[in-house]
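The sequence and the structure are shown first.

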Amino acid sequence: MKNITLDSVDKEILSLLQADSDIAIQDIAEKVGLTATPCWRRIQRLQEQGLIQRRVALLDAQSLGLKLTVFVQVKAARHDDKWLTQFAEHCSAFEEVVEFYRMSGEYDYLLKVMVADMQRFDHFYKRLIKGVNLGDVTSSFAMEQIKYTTSLPLNQM
């Protein structure tokens, strides 16, 4: 991975885009003290460097009926490449899995699952355990979302 240096203007541009990817280049330029063309060039460079991967719409899960968030922890049945590849492909294929991590600690994997209700989670769970041999599975149900952001901390850089 390349060592990319960002100045304060780059960070401010990224911060503005994280807050609203539809913001006009002219508006970004005004807020960071540039004219439109140099601002546009900086955004292009940030994209070319891979710092801006894509621009998306963030949807409201509650409004879409996705009222249950479940964190599923999985212990691997085996620790070999074939199983790991099969498990990763199996879990990644589920639309309900919105985040998927390999972890350190007692459990090997963590899945964030979003569904409408307990019945839909039960249906997901049965498909999850059917497709691949698992060591152990435990689920925790989120009772309240305290903080949610897609914005990355830029002041750490």
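At what angle do α4 and α5 pack, and how far apart are their axes? In this predicted model, the angle between α4 and α5 is about 160 degrees and the axes are 10 Å apart. An angle over 145 degrees counts as roughly antiparallel, and α4 is therefore roughly antiparallel to α5. The crossing of these two helices is right-handed. On the α4 side the contact is made by Q86, H90 and C91, and on the α5 side by R127, L128 and G131. Sorted by class, these residues comprise two nonpolar, three polar and one charged.

**Packing around α1**

Helix α1 covers residues 8-19 and helix α2 residues 25-32; their axes come within 10 Å and cross at roughly 135 degrees. The two helices are therefore oblique to each other, and their crossing is right-handed. From α1, the residues V9, E12, I13, L16 and L17 meet I28, K31 and V32 of α2. This contact consists of six nonpolar and two charged residues, with no polar ones.

Helix α1 also packs against helix α3 (residues 36-48), at an angle of about 80 degrees and with 11 Å between the axes. The pair α1 and α3 is therefore roughly perpendicular. Here α1 contributes V9, D10, I13, L14 and L17, while α3 contributes C39, R42, I43, R45 and L46. The residues of this contact divide into seven nonpolar and three charged, again with no polar member.

| Helix pair | Axis angle | Axis distance |
|---|---|---|
| α1 and α2 | roughly 135 degrees | within 10 Å |
| α1 and α3 | about 80 degrees | 11 Å |
| α4 and α5 | about 160 degrees | 10 Å |

In soluble globular proteins, nonpolar side chains tend to be buried together. The largest nonpolar core of this model has 20 residues, of which V72, F87, L111 and V113 touch the most other members. At least two residues of this core come from each of β1 (68-76), α4 (81-92), β3 (109-115), α5 (118-131) and β4 (134-141). Strand β1 gives the most, with five residues. Beyond its neighbours within four places in sequence, V72 is in contact with Y109, L110, L111, V113, F121, L128, V137, T138 and S139. Another core, of 15 residues, lies apart from this one and includes L16, A29, I52 and L154.

Is V98 buried, partly exposed or exposed? V98 has a relative accessibility of 45% and so counts as partly exposed. The residue lies in strand β2 (residues 97-102), and its contacts beyond four places in sequence are K112 and M114. E30, by contrast, is placed in helix α2 and counts as exposed because its relative accessibility is 54%.

How far from L64 does each of these residues lie in space? V98 is 34 residues from L64 along the chain, and their C-alpha atoms are separated by 15 Å. E30 is likewise 34 residues from L64 in sequence, but the C-alpha to C-alpha distance is 36 Å.

Conventions: Residues numbered from 1 in each chain as written. Predicted model: local features only at pLDDT ≥ 70, side-chain atom pairs only at ≥ 80, totals over all residues. Heavy atoms only, no water. Axes fitted to C-alpha atoms, helices over the stretch in contact; angles between N-to-C directions. Helix = DSSP H or I, 4+ residues; strand = E, 2+ residues; numbered from the N terminus. Parallel < 35°, antiparallel > 145°, perpendicular 65-115°, else oblique. Left-handed = near helix turned anticlockwise from the far one by under 90°. Contact = heavy atoms within 4.5 Å. Nonpolar A, V, L, I, M, F, W, Y, C, P; charged D, E, K, R; others polar. Core = buried A, V, L, I, M, F, W, Y, C linked by side-chain atoms within 4.5 Å. Buried < 20%, exposed > 50% of the residue type's maximum accessible area, 1.4 Å probe, protein only.
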